[in-house]
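Dear colleague,

I am passing on the structure we spoke about, with some notes on what turned up in it. Please look it over alongside the text below.

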Amino acid sequence: MGLYLNPNADAFLMGVNSQIYVDKSQMVMELNKLVGTQSNFVCLSRPRRFGKSMIGNLISAYYSKGCDTRDMFSQMKVGETEGFDKYLNKLNVIKLDMNGWYQNAFLTKRIRHLFSDLNKALFEEFKQQFPSIKFGIADKSIVGCIKKIYSITGEKFVILIDEYDVLVREQVSESLFKEYLTFLNGLFKDTTLRPAIALAYLTGIIPIVRDKIQSKLNEFMEYTMLKPRQFAEHIGFTEQEVKSLCEKYGADYNECLRWYDGYKMNDKISICNPLSIVTAIQDGEFDSFWSATGSFEALQDYILMDFNGIRQDVINMISGASVPVNVTKFKNTLDSITNKDNAFTYLIHLGYLCYNSKDKTCHIPNEEVRREWINSIEDEEDYSKVMAVVNASKRLLDDTINGDEEAVAKALDASHTEVTSHWTYNNEHSLHSAIYLAYFYANTKYTVIKELATGKGFADMALIPYVPNVPAMVIELKHNNTTETAIQQIKDKVYDERLHHYRGNLLFVGINYDEKTKTHTCKIERLEM
């Protein structure tokens, strides 16, 4: 047992013994299918706080010869699967946290010695765990040690590298980066070493860099936020897992989804942010925990870039819309972010946006992340007009609740004039986007549902409160029509069960936009029953 070679299961046990733990052990069954095959090189990228390190600890605890975890895994979900123990504690594991190595080298001013220190530490552990093998001078590297052991014993290795992309994200010196490429090349491009590697598993935030690292890692199959493949449900919390947690701890399931869901991995699976879910349940309140583990500068740096169309798309997404994005040209390097599409693709990998592969669009996934977008533009002059509308949104919501039709109409006129005057506003899509943005503040008190299903079609928007003493609302939008028509349309529809118990505390809001006068009118009625 060592720190890096065949570590014990203590790191994984810390997670298992936590107050809230979600069993993701079936991940190893997917990996077992790849062990010893031509597809056994895996690179999995996800945003921070999505549980990548926890899964790395699980994988290490399962395969490592340095521990006995049969009893533990036999009681988990994976233990219910036939043949779950095929590789259980039967392989040599090399587990490296590249971020930890880099940060320690930086603090101790040994950046230039990062990889020599790494090889030295591993060499000492190899000697301790394989005392019968005589290592020569040529074996004083990870590659040399693996080759020597495999040639003599036939034993195979699992190589786990967490935060493999840290040197890319930190934009280190060219000399250190070249040394890193040499390190990767030795591990993964040496054909004589390949049979000794049962499984290679890399994790990071961004996928493999196309123009620098890819030639060193082209043996790896990538599993990204854009294409997670069979690992879609194994990183992050699925909606069903969140539902089970909410039932167990008495949390509001729908609010959990509104705040932390939205990462649509495929047609069937949507993933929630694990750390935020756990924190919200433990704290007993819903809030944005994103900035507690990092700043919004990463987001801010890119949405403030002077790329054609980026500001308008930011406005649209904050108001709840999706925007087109071409994700195919991004080379996964920071210096390749030279246009709006590359910036948005990078933000998808960071978790600030979610990608819809069917219609090739991106959007802000949830309320937690939406607040980070607001924080990032709050003090920026380029977005001052947007913020003026966001700040005015609170007054608009109060005026709507108070039934002040004239104030609501004027507020919508202001939203149109100050923010959306350069849109093609005379169409219903733009009208909807402007209204969603104008009612942005409603997210602090309401679950905002666009196109609420009714017995006869859809209402344009419904606001269902999750705080007491505020009315629910149904909003119908019209274009070159009348507010009376909008109100009547609301009355003619039969709404779903979510609004039934709001009778007597339900507002009907009809809004019309006149294309000729470029003004809004509003009519508000309270349902009295």
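Ser-336 counts as buried because its relative accessibility is 11%, where buried means under 20% relative accessible area with a 1.4 Å probe and protein chains only. This is a predicted model, in which local features need pLDDT of at least 70, side-chain atom pairs count only at pLDDT 80 or more, and totals for chains, interfaces and linings use all residues. Residues are numbered from 1 along each chain as its sequence is written, and side-chain values use heavy atoms, with hydrogens and water left out.

Ser-336 sits in the loop between β9 (323-324) and α16 (340-350), with helices (H or I, at least four residues) and strands (E, at least two) taken as DSSP runs numbered from the N terminus. Apart from neighbours within four places in sequence, Ser-336 is in contact with Phe-330, Lys-331 and Asn-342, contact meaning heavy atoms within 4.5 Å. Between Ser-336 and Tyr-346, ten residues apart in sequence, the C-alpha to C-alpha distance is 9.9 Å.

Glu-367 belongs to helix α17 (residues 367-377), and this residue counts as buried because its relative accessibility is 3%. The side chains of Glu-367 and Arg-371 are joined by a polar contact of 2.9 Å, that is, a pair of N or O atoms within 3.5 Å, of which, within protein, one must be able to donate a hydrogen and the other to accept it, while residues adjacent in sequence count only if both atoms are side-chain atoms. Leaving aside neighbours within four places in sequence, Glu-367 is also in contact with Arg-258, Trp-259 and Asn-443.

Best wishes

Definitions and conventions
Buried means under 20% relative accessible area, exposed over 50%, partly exposed in between (1.4 Å probe, protein chains only).
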